[in-house]
Amino acid sequence: MRVLVPRFISLRIRTQKPLLTVPFTTRKMSTKTIAVLDDAELQDGQMKEVAFEDGKVLISRLGDKIHATSAFCTHYGAPLAKGVLTSDGRVVCPWHGACFKLSTGDIEDAPAPSAIHSFKAHVADGKIHVTANPTNTLKENKARQPKLLSSGSDSVGKGVIIVGGGSGAFQTVESLREHGYKAPITILSKETYTPIDRTKLSKALSTDPTKVEWLTAAELKIKYGTTIRLGVEVTSIDFAKKQVILDGGKDALSYEKLVLATGGTPRRLPVEGAQLENVYTFRGISDSQKVDAAAKEGKRLVVIGSSFISMEIVTAVAKRKLASIDVIGMEAHPFEAILGTEVGAGLQKYHESQGVKFHMQTKVEKIVPQEGNANLASGVVINGTTIPADFIVMGVGVAPATEFLKGTGVELEKDGGVKVDKYLRVQNSPDKENVYAIGAWFLMCDIAIYPQISGDFTRIEHWNVAGNHGRAVGKTIAGSPQPFVKIPVFWSAQGQQLRYCGVGHGYDDVVVKGDPGAMKFIAYYGKQGKVVAVAREMVFPAHIQAPWKGKGKATDQDFEDLDPTITYRHLYAQNLGIRDPLRVIALCDSDAFYAACEMVRLGTDKNTPLVVLQWDAPIAVNYPARKYGISRMKRYNFKELKEKHPDLLVVHVATYKEGEKEPGYWDDVDTKTHKVSLDYYRRESLKIAAMFKECLPGVEIEKASIDEAFFDFSKRVREILLERYPYLAQVPPDAPNGVDTPLPPPPTISWNKVGYMIPVNPAPPEKEKADGALTVDALAEGSSIKEEASTSTDVDGEVVPMTWHDVALSIGSELIGKARHQVHERLGYSTSAGIARNKFLAKLTASYKKPNSQSILRNAAIPKYLRPLSFQKIRYLGGKLGTAIAKEFEVNTVGDLLSISLDEMQRKFGEDSIWIYEILRGIDRSEVKEKSTLNKSMLASKNLPNAITNASEGFHWIRVLAAELALRLNEARKASPNLWPKSIVLHARRGYEAGRSKQAPFPFTREVTVDTIAAAGDKLWKELVGTELAMKVTNVQLAFTGIEGAEAGQQSIEGFFKQPAKRPRGDDVDDDDDGVRRIFIDGSLTDKGNDISTIIDGIAAQDRSSGTCVPSFVCSRCGETISSPFTSIDEEEELAVLRLEHDDFHFAQDLAKESTGGMVISGPSKSVSGPMKGGLGPSKMSSPKKKRRKEPQATGIEKFFRRS
C-alpha cells in the first residue's frame, strides 16, 4: 500500500500568507550521504550543480577543500553554478550579486533575504560524497533559517528604534539578532504594509503587497522579537532625551540606539500642471496600482525623465499595446550620465525598436489639462508642441526623506543627505555615537553619505547598498563594529537585465565591448587609469582566474610530481583540463619561414643558400645561408651580397607598383614607387595550417603566429591508448579501488623514430650525439613504437622507468611527426616541433634541435632541462623584471632561483610573483584554444620616403594601395563569397602626428577591381585634401572596415539584367597576418563615424620618415606604438621579442588586477576626423593638446614592465 506523507506543514496567524513553512519529515526523510560526482571531474576553483535525489546541490572546490551548499540563490532563485566562485570562499549570484559564504551558507552580500544551506562533503573511493537532508536540497527549500543568537523574546530596556520600514530595516533586524542583540527592536513605518521587495514595483508593476513582502508583522514578532508599527509618521527627533516624536507630538518613543532608514521622496517638476490627478510619481504600492490601472490597451503614456525607474516602467508597459509611449529627457540619451553615450544610445535604440518615441535634450514647458476635466492632464508641452497623454509618469529623481530632521540639530548636506563615518554613524548631529543612517531601499534612495575606499563621500542610490548597510549596522550595534566597505551593485530591467557594479561617478574613460543596441555588451568605466565600475547586459559573469590559485598551489610536490599516479578514472575522464596527468601538448614551428616560402616558389634545392630582402635589409635567412654570417640586424646592398657570395640566392619580397593588379618580383624595386607585399607568405601559412588540420582531426589547434601553432593531443592520445591497449577499456573485476585503481605498469616501448628525446641526465655538450635529431623523413619511415623494454636508457646509461605519460608523449610524437611529414611532402616546408606536458615546455622543447626535427621532453627530464637555462630567456622574465630578479638574488639560471622560497619571492616582488615561482618549475596552466578566423577589417599602408607635397601625387599611391586591397578582398571572397566591407577609409598623416581621415560606404559591386577601389579612394582623397596640399604627407593608408557576410543574393543593379555567375562555396578565410607591413585588423570596426585611430588599433607600425620597415607595432590593448632601435627585421625573431616584452607589461597589469580588483585602461590619442576644408595644413593636422593623465603607481612585478 502506498503511504502518502505531507512534504510541508504551515502555520497561519491572522495574515494572508503562511507564517512559518517547515519541512514535515518522517524517519525516512532523515539525512543521507550520497556520492554525487567523480572527484576528478571537479577542478580546483570550479563549482558544479549536481543532483541529490529530487533536489540539487552546489559543490565547489578551493584547494583541498570541497564545499556543498544549496544550489539556488534565496533572492530570485538563480542557479548559483552560473555565478562566480571567489578565492576567499564565497559564491556570488549571477543575477543580482547576492553573495554567500560557502563554509556556512551565511549571507555575505545583499540582496539575499536568507542564508543558504551548507552541507557536509568529503571524498571517498574517488567520489565526492554529500551528506544532507534531501528535503533541504529542493529548490523551494533553498533558504536556511537564520542562525539567531537571540530571538529577543526576553528583551528588556529601550533598545533600537528603526525609522523606516524598507528592506534595509529588515536586514538590520536580522543582523542584530544574528549577532546576539537581546534588547527590544521597534520599526516605525509610514507604509501600511511590512517590508517588501520594492524592485518589483517598477520592474513588474506589482500591485499586491502580500506577494512581494519579505516578512509579515507576525514573523517579525515571533522570529525576531521585533515590533513594527505601520502607518505612523516620525515628525522629529529629540536627541537630548533620546526620543522619536510621532505624528506631530501625539506620541514619543525612547531609544538607546537609533537607525534612520527613511529612504527618499519622489520629486515633481515645478511646472504648471504637475499636480494634476493623472500625473503620477512612483514610490510605493499605491503608485504601482495607479500606473497599472492606467496602462490599458490604446492609452497614451508620456514619461518625463529618462531615469532607471522611468525606463523600467516603460519596459513594464511596452507589451500592453498602448497607443503611444513618449519619453522626455534632458540628456542626449537615457542614462548617459551614468552609463555613457554609447551605452545610452544603444539602450535607446532598443526601446525605439519597441515603439517608444524619445524627445531628448528637451525641457517640459507645462502640462495642460483636459478641456472637459481640469483635474486631469491631456498632454505635455515641449518646444511649443503638445504631446498627447492619457496619463503621465514623472520620474525626475528623488530627494532624501530627511525633512523631519530639520531643526533637530542635524546638519544636512545640500542634497538633503546626512554624512556618516565608516561605521555609518551620523556625524553632524548632537549625538555622534548612537545614531546611524542607512538606505531604506525606497526608490533606490539612500540618505547616508558615506566614505568610499577612495576617500570620497558618496550617497549611493543602489538597492543592495541599503541591505548591506543594515547588516553592517546590526553587527556594529550588537557589539562587533563593522566598517562598511562593500562595492555597490544594482540591476535594471531594460528589455534584458542590465547589471552595474561599482562607483562610476566622475569616470573619465569608458571601454565598451559588444553591441548595446543588441542588448549584449559589457562596459568598463575608468577613472585615472583604473576600472571603477562595470555595466553589462547578456554577458554573464566570467570566473577570470589567474594561472594559479594561491600560495598553497606552488609547492615542492607540484614540481616533483613528475610521475603522478594515473588511474582508470583519469583515463576515462571526458573533461580534459590543464591538470590532466595524460596531457600532451606540441608546438610546431616552420623553419626560416619566409625564406622557405621563396624556396618553394622558386623550386630551389634544399641546400641552396637564400636570403630574403626587404629594401636593403634581410627579413629571412635560410639555414644553408647562415654559414655566411649574414645577420638580419644589419643592412645589406643587393649587389654587395652577390659580390661577396656569388652562390647566394638573394630575393626581394614581392612589391606592388602602379598599373599592376597583383604584386610581383621586379628587378627595379624602389621604395619611392613600390610597396611591399607579404601576401604570399600569409597564403602559404594558411596552406600549412589547413594541412595540419586535415592531418590531425579531433586535435585542438591554436595558431600562435604566422609560423607557429600549438596542438593539444590529449583527447586523441586517449583514444589511441584504448585502441592499442584494449585491456585498459574496462576496469578489472578484481581492481581493489574500482575506477580509482592505478593503471597497470606501462607497456614496453622504444623511442626510436618518434623524435629526439631530451635526456633526463644530459651529458656535457661535447659528448652529445651529433646524429640525435630525427628528420621528418626518418619519422615517416616507421613511427610505430616497438615493444622492447619497460624502461629507457638515458644518455649517461642510467635506466629511467617508463610511465603512462611517456607512452602518451610517444603517441603524440607519432601524430605530429606524421603531420609534419605530410606538410613537407605535399607543400615542401620543413618544421620543428616540441612535445611536452604544457605549452611553456613545448615551446622550449621545439627549439632544442632545429631544423626539420622534433624533440620530446619527458616529465622526468624537466628538472635538469630547466635548471641550467638562463631564466631571462623565459617569456615574461626578460627585460626589467628579469634584470631586477638577477640583481636582487644574484642569480642567472633557473636552478639558481629554485632555492628562493615562495615567501621570499613574494616579499620582494609581491603576491603576483607566485607565477614566477611556478613557471620556474615548469608549471603552465594555459590552455590550447582555437582562435577565430574571420577578420573584419583590412588595411594597406605606405610610408613615403619622399613626402607628398602636391595633391595630385596622392593618386599614384592610392592606386597602389587599391591593388593590395583588391587582391586581399578577392582572396577572402574565394573562400567566403558573401564577404563584403561596409566602408572604405582613407587616412593621411604627417610624421608622427595624428593625421586626418575620411570614410564612405563601399557599395556592393559584382566584381572587385583595382579601378573600383581606386575610384572610391580618389574621391576620398579629393574630399580630404582638396586641390591644394599645404603640408607634407608622409603616410597614406587605405582600409576596408566592417567586413561581414552580405545577404545571400545581393548584387549590383546590372546583376538584375544578367544571369548571375555561380560561385564556389567555402569557409571564412583565416587571415592571420604577419604584422609587419600590412594588417588585417582583428576586431569589429563599423562605419559609425569612427576616426582612424580606432581602425589603427592592431596595425603594424612602420617607419614614418623613410620607406624602410621598422620592427614595431601598435598594441591592440593600449594603442601604444612599440618600436625597436633596429630596422628591417621581421616578426620571426626580433619583432616577436619586441611583442613579448610589451606583453610583459600587460601581463603584469593582469596579475595586479587579480589582487586589486582594478584594471588599467589606456588607449591611443584620438584623431581628429572629418573633412579638411582648405586642404591639409600644419595647423589642421595637429591634434589639440590634452593634459596627460597621471599614471597610477605600479606595484609588485607590474612596475618592472615597460609600456613602450
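Modeller: Before we start, contact here means heavy atoms within 4.5 Å, and please keep in mind that this is a predicted model.

Biologist: Fine. Of the contacts between residues at least 6 apart in sequence, what share joins residues at least 24 apart?

Modeller: Among contacts in the chain between residues at least 6 apart in sequence, that share is 67%.

Biologist: And how many helices and strands does the chain have?

Modeller: There are 27 helices and 64 strands in the chain, and of its 1204 residues 54% count as buried.

Biologist: Let's look at the sheet with β15 in it. What is the strand order?

Modeller: The order is β17-β16-β15-β21-β33, five strands that form an open sheet with parallel pairing. At the edges are β17 (226–230) and β33 (435–437), each of which pairs on one side only. Averaged over the sheet and with direction ignored, neighbouring strands are turned by 15° against each other.

Biologist: How many bridges hold β15 and β16 in their pairing?

Modeller: Strand β15, residues 160–163, pairs with strand β16, residues 185–189, over four bridges in the parallel sense. Within that pairing, I162 stands opposite I187 of β16.

Biologist: Which strands does α1 lie across?

Modeller: Helix α1, residues 167–178, lies across β15, β16, β17 and β21 (257–260), and its direction is at about 180° to β16. Helix α3, residues 217–224, also packs on the sheet, where it touches β16 and β17 and makes about 160° with the direction of β17.

Biologist: Staying with α3, which of its residues are buried?

Modeller: The buried residues of α3 are A218, E219, L220, K223 and Y224. Just after α3 comes G225, which takes a positive phi of about 60°.

Biologist: Which residues make the contact?

Modeller: From α13 the contact is made by D679, R682 and R683, and from α23 by E964, L967, R968 and E971. Sorted by class, the contact of α13 with α23 has six charged residues, one nonpolar and no polar.

Biologist: Why would residues three or four places apart point the same way?

Modeller: An α-helix has 3.6 residues a turn, so residues with that spacing point the same way.

Note on methods
Residues are numbered from 1 along each chain as its sequence is written. This is a predicted model: local features need pLDDT of at least 70, side-chain atom pairs count only at pLDDT 80 or more; totals for chains, interfaces and linings use all residues. Side-chain values use heavy atoms; hydrogens and water are left out. Helices (H or I, at least four residues) and strands (E, at least two) are DSSP runs, numbered from the N terminus. Ala, Val, Leu, Ile, Met, Phe, Trp, Tyr, Cys and Pro count as nonpolar, Asp, Glu, Lys and Arg as charged, and the others, Gly among them, as polar. Two strands pair if DSSP finds at least two bridges between them. Axes are lines fitted to C-alpha atoms, for helices over the stretch in contact, and angles run from 0 to 180 degrees between N-to-C directions. Buried means under 20% relative accessible area, exposed over 50%, partly exposed in between (1.4 Å probe, protein chains only).
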